[in-house]
Amino acid sequence: MKGLPAETDFIVIGAGIAGLRAAIELAAAGRVLVLVKKELPHSNTPAQPAGTARLSDEDGITMHLQDTLTAGYVLCHPAAVKKLVDEGPERIEELLAWAAQLERHNSRLLFSPEAAHSHSRVLHAQGESTVSEILRTLLAKTRSLKNISCAESAFVTDLNFEDGRVTGVSLLDAKGVPQEILCSAVLLATGGLGQIYRHTTNLESATGDGIALALRAGAEVSDLEFVQFHPTALYLKKAPRFPLGEDLRAEGAHLRNIELNRFMAKFHPMGELAPPDVMTRAIIHEMEVSRAKDPFVYLDLTHLDAAKVRKRFPRVHATCMALNIDITEDLIPVRPAAHYAVGGVRTDLGGKTSIPGLFAAGEVASTGAHGANRLASNALLEALVYGSRAGKTMCDELRPGSKTRSQPRAAYSNGPLDIGVEEFIGQIQDLMWKELGPVRMRPGMQSAVRTLEEITPRVAHPKTRRTHEAAHIHATALLVARSALAREESRGAHYRIDYPDHDDRKFLKHSVVRRDSVRFE
Ligand SMILES: Cc1cc2nc3c(=O)[nH]c(=O)nc-3n(C[C@H](O)[C@H](O)[C@H](O)COP(=O)(O)OP(=O)(O)OC[C@H]3O[C@@H](n4cnc5c(N)ncnc54)[C@H](O)[C@@H]3O)c2cc1C
């Protein structure tokens, strides 16, 4: 688009699946401006082997609901799960009507099995790039709606307010110049927070921006201690942590420790199809007992039919080949990496946050649908279902002519960044990996919280995009650490060595953070 407008009706921050799906709903009510910190189409998720759940003909809503509740360790908000599984099929049908190319066999949709799903209900697109195909479809649809415009390289730095209501955003434009835009309501659809960790499957842009923006605005954030770690991300020096997913294991891939022994059966009756949190801890255990300085385990597909593997996983095959690993002949070194934020900005079933005029959807939001752990392939579905729901609710927020000049929020720190920004981010990533990784203990978490609090003044009044990202990473890391320290239980994606026993009175509550304090309810 040519230049940014001074005002619009709705602002959507993020052009991933949640943001674009919401924009399509909003276009019926007014002008929509979608802001994206990079170029379009842009998601914080790399083009990768992904799938989205939908009911197959033999499946049932109750079974998908039950699998989701089980994966979420019953901490799920049942109404949120119900909406997810009830409305999911409709959202997928709609994508097909908008010409999404999902994999078929003899003209019928092809449903694959996946870890922790009792039925084959996972759809893939064009082999392996499901996210790209859904984004392509949604982007084509948004481009057909004249009420929607998208601004690239528009990095949102703050939410602006009038009388306690969000009335717009501050941003850095493509040239790094600060701008403000007024609107009736803002949707946070900013995706994940993987970059607070040293090892992550997320792209560099997943810096927790939406969570930091919401927190600073005084919105409630929930269940952030539940960070899902992908058990088997490719582990090669200088290569991205490409996730080697559940679909590979569902096709029969084995896990082997450094002595080449299979080990998953010791940890879970489902073996290599165990829930990701169980598998992550099993791998960490095997890495620890190996006493290797730089530990990892192997994913082994060498016993499978080579031609079938190449056909089924072309992207994995090509990515590994480029790194001199032929997955049909070589073992693949893997280890866990931060993957998905189960918690986020707390919303109701219509995407409303605790702040008037502010909405959230997709990975940045916490609807409660995932409980303590997300069922594989439910994230894309959640982005579609709750993106659409948030868009519908936001339509009612339109306030024609009532927009007033916004008051930018005060800077949240004035101290200088006394070390290089990359070094500052690196320190946080290392600390989070060491003390707030898949296995946690009170003393380590306490020391991480202290360190993060101590370095708060170093986050200067940020001026560049990267210093804003550093501030967002810092704020989000501190929230995750405080929430994890407060939850004295071990279930789902949160595991504490010092609390091995289960206590439902403590566990079956959601952590809620507002400003600095954590409560459970
Ligand atoms: C490697 C990988 C594999 C995955 N596989 C699966 C799978 O198989 N099935 C599944 O269901 N889920 C999977 N997931 C999770 C799923 O892909 C994500 O949860 C989902 O795509 C998130 O969509 P979203 O719309 O919420 O955010 P995203 O797609 O992450 O989009 C976020 C958007 O916000 C923008 N943004 C962020 N901050 C700012 C800012 N400050 N200013 C302006 N714009 C901003 C970004 O530029 C981007 O456009 C996977 C995730 C990863 C990383």
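A residue counts as buried when its relative accessible area is under 20%. In this predicted model, Thr280 has a relative accessible area of 2% and is therefore buried. Thr280 lies in helix 7, which spans residues 276–290. Beyond its neighbours within four places in sequence, Thr280 is in contact with Phe229, His230, Pro231, Pro336 and Pro438.

Two helix pairs were examined next. Helix 1 (residues 17–26) and helix 10 (residues 378–395) cross at roughly 35°, and their axes come within 7 Å. The crossing of helix 1 past helix 10 is right-handed. Helix 1 contributes Ile17, Ala18, Arg21, Ala22, Glu25 and Leu26 to the contact. From helix 10 come Leu380, Ala383, Leu384, Gly387, Ser388, Gly391, Lys392, Met394 and Cys395. Nine residues of this contact are nonpolar, three are polar and three are charged.

The second pair comprises helix 11 (residues 421–435) and helix 12 (residues 442–454). Their axes lie 9 Å apart, and the packing angle is about 160°. Angles over 145 degrees count as roughly antiparallel, so helix 11 is roughly antiparallel to helix 12. Helix 11 passes helix 12 in a left-handed crossing. On the helix 11 side, the contact is made by Ile428, Leu431, Met432 and Glu435. Gly444, Met445, Ala448, Thr451 and Leu452 make the contact on the helix 12 side. The residues of the contact between helix 11 and helix 12 comprise six nonpolar, two polar and one charged.

Technical notes
Residues are numbered from 1 along each chain as its sequence is written. This is a predicted model: local features need pLDDT of at least 70, side-chain atom pairs count only at pLDDT 80 or more; totals for chains, interfaces and linings use all residues. Side-chain values use heavy atoms; hydrogens and water are left out. Axes are lines fitted to C-alpha atoms, for helices over the stretch in contact, and angles run from 0 to 180 degrees between N-to-C directions. Helices (H or I, at least four residues) and strands (E, at least two) are DSSP runs, numbered from the N terminus. Angles under 35 degrees count as roughly parallel, over 145 as roughly antiparallel, 65 to 115 as roughly perpendicular and the rest as oblique. A crossing is left-handed if the near helix is turned anticlockwise from the far one by less than a right angle, and right-handed if clockwise. Contact means heavy atoms within 4.5 Å. Ala, Val, Leu, Ile, Met, Phe, Trp, Tyr, Cys and Pro count as nonpolar, Asp, Glu, Lys and Arg as charged, and the others, Gly among them, as polar. Buried means under 20% relative accessible area, exposed over 50%, partly exposed in between (1.4 Å probe, protein chains only).
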